Amino acid sequence: MAPPYLCQVSMQVSCGACCGLYNISNLAPERLEALLTERTEAFARIPRVAEAIEDFGRQQLGWTPEERPFPHFHHCPYVGLIGRQRSRVGCLLHPDQVGNQGRDWRELSYYGAKACRTYFCPTTHELAAVHQEILRQGIDHWYIYGLAITEHRLWAAFFHALEGRLGRPVIPADFSDRSGVRVGLMAFAALKLDWPFRQDRAPGPSHFFFDDERYTRPDVERADPSIPVSPYEVIFRELESHFKRADDQQQAEALVEGCIENLVAILRG
Ligand code: SF4
Ligand code: SF4
C-alpha cells in the first residue's frame, strides 16, 4: 500500500504540527481554536503585499520564544483555519487560500517556500502505510489529529499490541464503516491529551517529533526502582510517563488494555 497523504484529510481533519501549531504555551483546544480564528480573520483583512504580510507575521508573534514549550522550534504565524467554514488548520499563505488569488506567499515564511512545500514528518516514512490510513480514517478532528498523527512510535506500539491481541493484522476496512471502532481508536488517542501519569516537566500534550537531538524523549520515570518494566514500555515512554508506585503503573496498564480490549471485542463482533 502506498503511503497516504496525511497533511490534509477532510473538511475537519488536517495537520499543522510541523508548522509549530502546538508550540504555544497554553494548548487548550478552545484557546488554540480562538487564536487561529482571530488570526485567520485578521489575515483576511490585510492587503496581499509582502510588507503587510510580514508585518502581520511580526504582530502575531507577540510572545517570546521562552514561553513556547520548545523554544528552539518555530511557531508559524501563518498557520490558521482554512476551508469554506474554516473548519480545519492550514496555511494562510498557500496559493489556494481565499484572497491569495493563486499567489504562493510561503516564500515569506520562516523556513521558506521550498521547505513548506516539501517537508514530510517522520510518521510519513516510519509508520506502516496501513496504520497511517487507519489514523486518517479514524480521527475526526484536527486538534487531536495533529497531536496524534506525529506520534509514530506510540502508534506503532499500539498497533503491535492490538494486532497481537487480535491475532491478525488490522486493515483500513476494519475502521471504515464502524463508528464503535473509531470511538475506540479515539479513546486511545485521547489518552495523550490528558495522560494522568505525565511527568511534571513534560510540556503537556505537545511534543517534538523531528527525531533530531534538540529535544529527546525521556525514558519512563519510576520513583520506586522495584516497579518492573511494563509490557507497554514504549507506549508509556511516548506518553512521557512517571510512576510513583506500582499501583500507578497498573492503572496505566489498565487504561491501555481497556482501549485495546474494547477494539478487539468490536473487531471480533
Ligand atoms: S507534521 Fe506531518 S502530517 Fe502534519 S502537516 Fe507536517 S508533514 Fe503533514
Ligand atoms: S508558511 Fe509554511 S510553516 Fe507557515 S503555515 Fe504555511 S506551510 Fe506552515
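Which residues are the closest to ligand 1? I started there, keeping in mind that this is a predicted model.

**Entry 1: the ligand**

I found 13 residues surrounding ligand 1. The closest are Leu6, Cys7, Cys15, Cys18 and Cys121. I then sorted the shell by residue type. Nine are nonpolar and four are polar. I found no charged residue in the shell around ligand 1. Next I asked where the shell comes from. Domain 1 (17–120) and domain 2 (126–268) each supply at least three of its residues.

**Entry 2: the overall build**

I looked up the secondary structure of the protein. I noted eleven helices and four strands. I took the box around the C-alpha atoms along the principal axes, and it is roughly 60 × 40 × 30 Å. The radius of gyration is 20 Å. A compact globule of 269 residues would have one near 18 Å, so the value agrees. Buried residues make up 33% of the 269. I also checked contacts between residues at least 6 apart in sequence. Of these, 69% join residues at least 24 apart.

**Entry 3: two domains**

The protein divides into domain 1 (17–120) and domain 2 (126–268). Their centres, taken over C-alpha atoms, are 29 Å apart. I looked at the contact between them. Domain 1 puts in 13 residues, and domain 2 puts in 13 residues. On the domain 1 side, α1 (29–44) and β2 (88–91) are the elements that give two or more residues.

**Entry 4: the core**

How many residues does the largest nonpolar core have? I noted 56. Val79, Tyr145, Ala148, Phe158 and Ile235 have the most contacts inside this core. Helix α6 (residues 142–149) gives the most to the core, with six residues. The core lies between domain 1 (17–120) and domain 2 (126–268), because both give residues to it.

Tyr145 is then in contact with Val13, Cys15 and Ile139.

**Entry 5: helix α5**

Which residues of helix α5 (residues 129–138) are buried? I listed His131, Gln132, Ile134, Leu135, Gln137 and Gly138. What do the buried residues of α5 pack against? I found α4 (123–126), α6, α7 (152–166), α8 (172–176) and α9 (179–193).

Notes. Residues are numbered from 1 along each chain as its sequence is written. Chains are lettered from A and ligands numbered from 1 in the order in which they are written. This is a predicted model: local features need pLDDT of at least 70, side-chain atom pairs count only at pLDDT 80 or more; totals for chains, interfaces and linings use all residues. A nonpolar core is a set of buried Ala, Val, Leu, Ile, Met, Phe, Trp, Tyr and Cys residues joined through C-beta atoms within 7 Å. A residue is buried if 20 or more other C-beta atoms lie within 10 Å of its own, exposed if 12 or fewer, and partly exposed in between; C-beta atoms are placed from the backbone. Domain bounds come from an automatic or database domain assignment. Two residues are in contact if their C-beta atoms, placed from the backbone, lie within 7 Å. A residue is near a molecule or strand if its C-beta atom, placed from the backbone, lies within 6 Å of it. Ala, Val, Leu, Ile, Met, Phe, Trp, Tyr, Cys and Pro count as nonpolar, Asp, Glu, Lys and Arg as charged, and the others, Gly among them, as polar. The radius of gyration is taken over C-alpha atoms; the globule rule is 2.2 Å times the number of residues to the power 0.38. Lists of a residue's contacts leave out its neighbours within four places in sequence.
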